[in-house]
Amino acid sequence: MHQRIDQARLLLESTGDTVDRVARDTGFGSTVSLRHHFHRVLGTSPAAHRAQFRGAAQ
C-alpha cells in the first residue's frame, strides 16, 4: 500500500495526469479508493498534495 501511495505521490508531483488516471496507473482501481488511502497515509487529499507541492516548487 505504501509503495502504491509513494508512486501516486510521485505521479501527482511530476505529471499533469488526472487523479483518476493516477489511481488507475497505481492500481487503486478508483479515484475514491486512492483518495481514501492517500488521506489515511499522508493526511491530505491527492489534489491538495499536488497543489501544495506545486506551490512549494515555485
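Asp6, Arg9 and Glu13 are linked in a network of salt bridges. A salt bridge here is a side-chain nitrogen of Lys or Arg within 4 Å of a carboxyl oxygen of Asp or Glu. The model is predicted: local features need pLDDT of at least 70, side-chain atom pairs count only at pLDDT 80 or more, and totals for chains, interfaces and linings use all residues. Residues are numbered from 1 along each chain as its sequence is written, and side-chain values use heavy atoms, with hydrogens and water left out.

Start with arginine 9. Its closest N–O approach to aspartate 6 is 4.0 Å, and to glutamate 13 it is 3.3 Å. Arginine 9 and aspartate 6 are 3 residues apart in helix H1 (residues 2–14), so about one helical turn separates them. Helices are DSSP runs (H or I, at least four residues), numbered from the N terminus. Glutamate 13 counts as buried, at 17% relative accessibility. Buried means under 20% relative accessible area, exposed over 50%, and partly exposed in between (1.4 Å probe, protein chains only). Aspartate 6 is partly exposed, at 37%.

Next comes helix H2 (residues 19–25). Here arginine 24 and aspartate 20 form a salt bridge, 3.7 Å from N to O. They are 4 residues apart, so about one helical turn lies between them.

Now move to H3. Thr31, Leu34, His37 and Phe38 are buried in this helix. They cover an arc of only 140 degrees around the axis, so they sit on the same side of H3. The arc is that of the directions from the helix axis to the C-beta atoms. On the other side of H3, Val32 and Arg40 are exposed. Glycine 43 follows H3, with a positive phi near 75 degrees.

Definitions and conventions:
Helices (H or I, at least four residues) and strands (E, at least two) are DSSP runs, numbered from the N terminus.
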